Amino acid sequence: MKEKKLVIFIDSGDTLVDESTEIRKVPDGVVYEAQFIPGAEETLLELKKRGYPLVLVADGLKESFDRIYESRFLESPFRARAISEIVGERKPSPKMFQTAMDLMKLGPEEKSRIIMVGNNLARDIAGANRFGIRSVLMAWSPRYSMTPKTEEEQPDYRIEKPEELLELAEKIEQEISQ
Ligand SMILES: [Mg+2]
């Protein structure tokens, strides 16, 4: 499979896994179990199969993401991971997105190749918009408002469920490959 040009940065909670199913360990707060949103696991694996580089850009503890993703699959679905515990800052900090770019060895002129997919308007969407990459709102979650309060929270694209990411990715891939 030929590597795609589009690089997909993606959030975890309520974008890939259902936050209401997270089981946390007391007292350290590590999530040791969480269920995927319907269709999310299949979408993640299909995107990987189609050659899209996937990068986890998520707030939380490294051990949580190791347990949710790395222990579940034989091979990590992610090419790289920018995790707030390691980065030292949380989204919408530009440091989270910059770390993801650095790990993928992407230069500033390559921002047009990147989308950030997330459910949180203030963190994922405003963060990506300010950083200068395209934003995709995953509007599946019933727990957060999906109505932008400011211009900065306005997503470039909006999807209602994980599977829609496949078609959107293909569309953007075509656009940027011309
Ligand atoms: Mg989230």
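# Exercises on a predicted model

Asp14 is buried, with 22 other C-beta atoms within 10 Å. (Buried means 20 or more other C-beta atoms within 10 Å of a residue's own, exposed means 12 or fewer, and partly exposed lies in between; C-beta atoms are placed from the backbone.) This is a predicted model, in which local features need pLDDT of at least 70, side-chain atom pairs count only at pLDDT 80 or more, and totals for chains, interfaces and linings use all residues. Residues are numbered from 1 along each chain as its sequence is written.

## Exercise 1: two backbone angles

Find where Asp14 sits and what its phi is.

*Solution.* Start with the place: Asp14 lies in the loop between β1 (7–10) and β2. Helices (H or I, at least four residues) and strands (E, at least two) are DSSP runs, numbered from the N terminus. Next, the angle: phi of Asp14 is near 65°, a positive value in a residue other than glycine. Most residues other than glycine have a negative phi.

Now try Lys105: is this residue buried or exposed? Lys105 counts as exposed, with 8 C-beta neighbours inside 10 Å. Its loop runs between α4 and β6 (114–118), and its phi is positive too, at about 55°.

## Exercise 2: a helix pair

How do the axes of α1 and α6 cross?

*Solution.* Take α1 (residues 40–49) and α6 (residues 164–177): their axes come within 9 Å and cross at roughly 25°. The axes are lines fitted to C-alpha atoms, for helices over the stretch in contact, and angles run from 0 to 180 degrees between N-to-C directions. That makes α1 roughly parallel to α6 (under 35 degrees; over 145 is roughly antiparallel, 65 to 115 roughly perpendicular and the rest oblique). Finally, look at the residues: Thr43, Glu46 and Leu47 in α1 meet Leu165, Leu166 and Ala169 in α6. Contact here means C-beta atoms, placed from the backbone, within 7 Å.

Notes: Two residues are in contact if their C-beta atoms, placed from the backbone, lie within 7 Å.
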